[in-house]
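Let us walk through this structure. We start with a sheet and end in the core.

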Amino acid sequence: MTISATTPASIVEAKDSKHALSMPVDKKGFYVRPETTFRNTISSEPGAQFAPEKGRYHLYISYGCPWAHRTLLLRALKGLEGIITVDAVHWFLDERGWQFTDGYTDSLYDTKFIKELYYKANPDYVGRFTVPILWDKKTETIVNNESAEIVRILNTAFNDFITPENSSRDFYPESLRAEIDQVNQWVYETINNGVYKVGFSTSQEAYDQHIPPLFDALDKIEATLGKDDYLVGNTLTEADVRAWTSIIRFDPVYHTHFKCNIKSIEKDYPNILKWARRIYQLPGVAETVDMDFIKKGYYKSDVKNNPNGVVPAGNGPNLAQPIV
């Protein structure tokens with residue numbers, strides 16, 4: 001990664017010249033995630049810069065990235081495959097950033113690196129070259145690169161272009177928003193970002209501080225799912241979407257690679273495993289998961305944590321097995 005002009009001076013890079021996956025840490029070895037910068041939306045309001053149109057927008061994602069996976073998952077759950085096109089980068093991430101190579105191509109511009117799209121959107125851009133990207137083909141610019149906001153956009157912006165059944169699916173219903181927001185917040189801090197706080201710790205102090213909240217949060221989710229099928233209101237919401245993309249990576253990646261090894265999903269969290277299978281087996285969801293890609297993306301790109309690039313054989317629990 002590249003430290004942007006807005007990165008605090010107290011933040012330093014934890015990487016070497018061949019390592020791009022590690023993230024910024026502070027002087028005590030605590031991982032700090034930088035914010036995204038393109039924060040526009042798609043709206044039907046008169047005069048809106050980005051109006052909803054079939055075929056106008058494009059997602060750039062990595063199958064390995066849990067943040068990008070959220071957007072691909074929402075696209076599938078809302079039946080937007082015919083409305084929003086998608087390109088995926090290659091699994092390997094080095095000092096040049098995400099790249100298109102070896103069969104993974106940019107169908108719009110034939111670029112070689114994600115950073116080229118950032119400079120196309122803004123030639124003076126200074127910052128990180130991240131996925132997902134929600135791209136506007138008409139104005140040839142980035143609409144948004146914040147996964148949480150893209151999920152909200154996909155939830156409602158294109159309802160006029162999809163079937164009544166799909167348009168009626170609301171993953172952020174008004175009556176549950178306060179609770180969803182609350183769950184999202186602690187899941188983000190302790191699980192979504194929590195595994196990275198643990199895995200990218202460069203001091204024992206940082207690791208020891210972040211590992212207990214992670215498993216406390218998993219215990220909390222396990223208890224909730226012992227009573228209900230889903231995290232909020234006993235119905236599938238964006239809270240499930242945001243948690244799920246981290247949970248399915250837990251055993252095959254975070255447990256070993258990020259040293260999150262106190263418990264595993266398969267052996268210690270039966271309710272979470274049942275929930276993970278329930279979502280995986282929904283129409284279109286399994287197609288968003290490429291575990292081989294996910295494992296290579298972490299184990300081969302993150303040479304700081306895995307200098308020899310050896311990829312473990314296990315894929316975690318079989319999510320296609322019956323929900324019992």
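The paragraphs below cover the model, a sheet, a helix on that sheet and a nonpolar core.

This is a predicted model: local features need pLDDT of at least 70, side-chain atom pairs count only at pLDDT 80 or more, and totals for chains, interfaces and linings use all residues. Residues are numbered from 1 along each chain as its sequence is written, and side-chain values use heavy atoms, without hydrogens and water.

Begin with the sheet. Helices (H or I, at least four residues) and strands (E, at least two) are DSSP runs numbered from the N terminus. Two strands pair if DSSP finds at least two bridges between them. Four strands make an open sheet, ordered E4-E3-E5-E6, with mixed pairing. E4 (85–88) and E6 stand at the edges with a single partner strand each, so one side of each has no neighbour in the sheet.

Strand E3 (residues 57–61) runs parallel to E4, joined by four bridges. His-58 has Thr-85 in E4 as its bridge partner. Strands E5 (residues 133–136) and E6 (residues 141–144) run antiparallel, with three bridges. Trp-135 pairs with Ile-142 in E6. Four residues lie between E5 and E6 in this hairpin, and Glu-140 in the turn has a positive phi of about 55 degrees.

What touches E3, E5 and E6? Helix H2 (residues 114–121) does, packing on the sheet. Contact means heavy atoms within 4.5 Å.

Now the core. A nonpolar core joins buried (under 20% relative accessible area, 1.4 Å probe, protein chains only) Ala, Val, Leu, Ile, Met, Phe, Trp, Tyr and Cys residues through side-chain atoms within 4.5 Å. The largest has 89 residues; Ile-114, Phe-158, Leu-214, Leu-218, Trp-244 and Trp-275 have the most contacts inside it. Helix H8 (residues 238–257) gives the largest share, nine residues. Leu-214 touches residues including Ile-191, Phe-250 and Cys-260, not counting those up to four places away in sequence.

Methods:
Buried means under 20% relative accessible area, exposed over 50%, partly exposed in between (1.4 Å probe, protein chains only). Axes are lines fitted to C-alpha atoms, for helices over the stretch in contact, and angles run from 0 to 180 degrees between N-to-C directions.
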